[in-house]
Amino acid sequence: MRRFVLIILVLLAAAAALAQETPKPAARNDFSWARSPYRLDFTIKELDDGKVINSRSYSMVMQSAEERGRSYGSVKAGSKVPIITTNKEGQPTTTYMDVGVEINSQLYVLENGNLLLGANAELNSLASTQTMTNPILRGFHSNTTSEISAGKPAQIALVDDPVSNHRFQIEVTATKLR
């Protein structure tokens, strides 16, 4: 009899354990973290003594999030430029270099309604296209985290070219889409 009661108790405990819902891992298509979609308009301006001499615009649409590691966006535009070098044996070899712009960003909604934008921008260009054997590459890299307001342009980086009077300015405007 004692053994029968013990078996019944073990079966009841097992049934109770199975009856409890175990939390399921988040589904791969669970986008509950996503908040509102925003269009990010980046403008990179090249200035010479304060005067804009070149301006380029890049846009991306991405979801905002309330926690880090959820919202990523990227824009990349440019060319692969052949660079001719000589190997140890004196034979010419061709390698390719990325020339252009790459912008990676993350967007978070803050409690005050503003946005926290993490932006990593890299711009590379050839200073002269006369010779491709020993090209002069110019560029800049900026990695910033800025609090911005939707609908208002914000300057997130200003970089001086170390070999000229040129300056590069990165401006972003976040526009809420819904």
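Colleague: What makes Asp98 count as partly exposed?

Modeller: Please keep in mind that this is a predicted model, in which local features need pLDDT of at least 70 and side-chain atom pairs count only at pLDDT 80 or more, while totals for chains, interfaces and linings use all residues. Residues are numbered from 1 along each chain as its sequence is written, and side-chain values use heavy atoms, with hydrogens and water left out. Buried means under 20% relative accessible area, exposed over 50%, and partly exposed in between, with a 1.4 Å probe and protein chains only. Asp98 has a relative accessible area of 36%, so Asp98 is partly exposed.

Colleague: Why is the contact between Asp98 and Lys76 called a salt bridge?

Modeller: The term requires a side-chain nitrogen of Lys or Arg within 4 Å of a carboxyl oxygen of Asp or Glu. For Asp98 and Lys76 the N to O distance is 3.8 Å, so the pair qualifies. Asp98 lies in strand E4 (residues 92-109) and Lys76 in strand E3 (residues 73-86), so the pair ties together parts that are 22 residues apart in sequence; strands here are DSSP runs of at least two residues, numbered from the N terminus.

Colleague: Why does Lys76 count as exposed?

Modeller: Lys76 has a relative accessibility of 57%, which is over 50%, so Lys76 is exposed.

Colleague: How do you know that Arg167 and Asp160 form a salt bridge?

Modeller: Their closest N and O atoms are 2.6 Å apart, which is within 4 Å, so the term applies.

Methods. Helices (H or I, at least four residues) and strands (E, at least two) are DSSP runs, numbered from the N terminus.
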